[in-house]
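Me: I would like to learn how to read a few features of a model. Can we go through them one at a time?

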Amino acid sequence: MRVSAERFQKAKIIFRKDHTEDLWSIRVRPEHAFTFKPGQYATLGIEEDGKVVERSYSICSSPHEPEVEFLFELVMRGRVTPPLYHRQVGDTLLMRRQARGSFTLEHKSGHTKHLLVCTVTGVAPYVSMARSLARQARQGQSPGIQVILVQAASRSWEFAYREELEALAGEFAWFDYIPVISRPWEDPEWKGEVGRIEDVLRKYIDQMSLEPQNTTVYLCGHPQMIENGKGILHRRGFDKEALRTELFWVPPKETR
Ligand SMILES: Cc1cc2nc3c(=O)[nH]c(=O)nc-3n(C[C@H](O)[C@H](O)[C@H](O)COP(=O)(O)OP(=O)(O)OC[C@H]3O[C@@H](n4cnc5c(N)ncnc54)[C@H](O)[C@@H]3O)c2cc1C
């Protein structure tokens with residue numbers, strides 16, 4: 001697609017943090033005001049021979065923040081993340097002028113519990129939601145819901161926003177953060193939850209009395225986690241109304 005000033009704007013990188021060698025966050029300052037709801041995604045692009053190659057990225061920041069924040073995982077043979085990986089503070093990238101997506105907290109159901117489940121970078125939309133609810137709470141307006149965030153990774157250093165989320169869980173009774181690792185033998189210092197995300201999900205669904213009548217579940221990130229999570233939740237009676245998903249990529253056919 002050709003670069004069109006109507007659709008795209010430049011966004012300057014004003015902050016970068018490398019969490020691991022293939023996981024990093026940036027904050028960008030777009031040329032124009034950029035409005036979005038917590039949970040939505042932006043479309044970022046790089047220019048190749050006068051054309052834009054674009055991909056979707058969930059927004060980590062909350063709409064009240066002055067810059068827009070993203071969390072990336074480097075996909076070695078990917079088309080967009082390798083060139084993005086080399087962009088540093090002061091560099092620019094292209095960004096569609098409109099945010100997209102409907103993976104936002106669902107309030108119509110009246111559910112009082114919201115179980116947010118993700119793999120590594122799938123935490124991005126939940127960081128935006130948590131920051132937004134925390135701001136609201138600090139202004140004296142209680143969210144009136146219980147939010148339980150379960151994040152799965154192989155090892156603990158892949159939890160890019162762990163410190164922030166643990167601090168929020170310490171500050172607010174309405175927020176729980178449960179990081180889970182699946183390869184404890186590679187991370188012997190880890191003291192938290194261990195195991196397959198499916199087992200941890202079952203445990204917390206039982207322990208916290210999460211029922212389809214009172215809970216909306218959100219699954220975000222890795223396609224296999226979403227597939228397995230949907231299976232468990234369907235068997236527990238969570239239907240389409242109580243279950244929302246955001247799939248980050250589709251596996252190539254041969255591995256499906
Ligand atoms: C709504 C939405 C929100 C997203 N938010 C984020 C986000 O916050 N952070 C983020 O890093 N990505 C996010 N993604 C994924 C992102 O859009 C790209 O697909 C990803 O960055 C890979 O782009 P690429 O051009 O480097 O690789 P591509 O050239 O698109 O992909 C190359 C191959 O790698 C596979 N692949 C793609 N991503 C991964 C991965 N993470 N791990 C393993 N294999 C993969 C693809 O299936 C393909 O076969 C999101 C996707 C969607 C649809």
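Me: Which residues of the largest nonpolar core touch the most other members?

Reply: In soluble globular proteins, nonpolar side chains tend to be buried together. In this predicted model, the largest nonpolar core has 61 residues, and those touching the most other members are F70, L116, V117, Y126, A130, L149 and V217. Domain 1 (8-96) and domain 2 (113-255) each supply at least three residues to this core.

Me: Which residues is V117 in contact with, leaving aside its neighbours within four places in sequence?

Reply: The contacts of V117 beyond that range are V150, L201, V217, Y218, L219 and G229.

Me: How are two packed helices described?

Reply: One gives the angle between their axes and the distance between the axes. Here the axes of α4 (residues 197-207) and α5 (residues 223-235) come within 10 Å, crossing at roughly 35°. The crossing of these two helices is right-handed. On α4 the contact is made by I197, E198, L201 and R202, and on α5 by M225, N228, G229 and I232. By class, 4 of these residues are nonpolar, 2 polar and 2 charged.

Me: How many residues of domain 1 are in contact with domain 2, and which elements contribute?

Reply: On the domain 1 side, β1 (8-20), β2 (23-30) and β5 (68-73) give two or more residues, and β5 gives the most, with 4 residues. That side has 8 nonpolar, 8 polar and 1 charged residues. The centres of the two domains, taken over C-alpha atoms, are 23 Å apart.

Note on methods. Residues are numbered from 1 along each chain as its sequence is written. This is a predicted model: local features need pLDDT of at least 70, side-chain atom pairs count only at pLDDT 80 or more; totals for chains, interfaces and linings use all residues. A nonpolar core is a set of buried Ala, Val, Leu, Ile, Met, Phe, Trp, Tyr and Cys residues joined through C-beta atoms within 7 Å. A residue is buried if 20 or more other C-beta atoms lie within 10 Å of its own, exposed if 12 or fewer, and partly exposed in between; C-beta atoms are placed from the backbone. Domain bounds come from an automatic or database domain assignment. Two residues are in contact if their C-beta atoms, placed from the backbone, lie within 7 Å. Axes are lines fitted to C-alpha atoms, for helices over the stretch in contact, and angles run from 0 to 180 degrees between N-to-C directions. A crossing is left-handed if the near helix is turned anticlockwise from the far one by less than a right angle, and right-handed if clockwise. Ala, Val, Leu, Ile, Met, Phe, Trp, Tyr, Cys and Pro count as nonpolar, Asp, Glu, Lys and Arg as charged, and the others, Gly among them, as polar.
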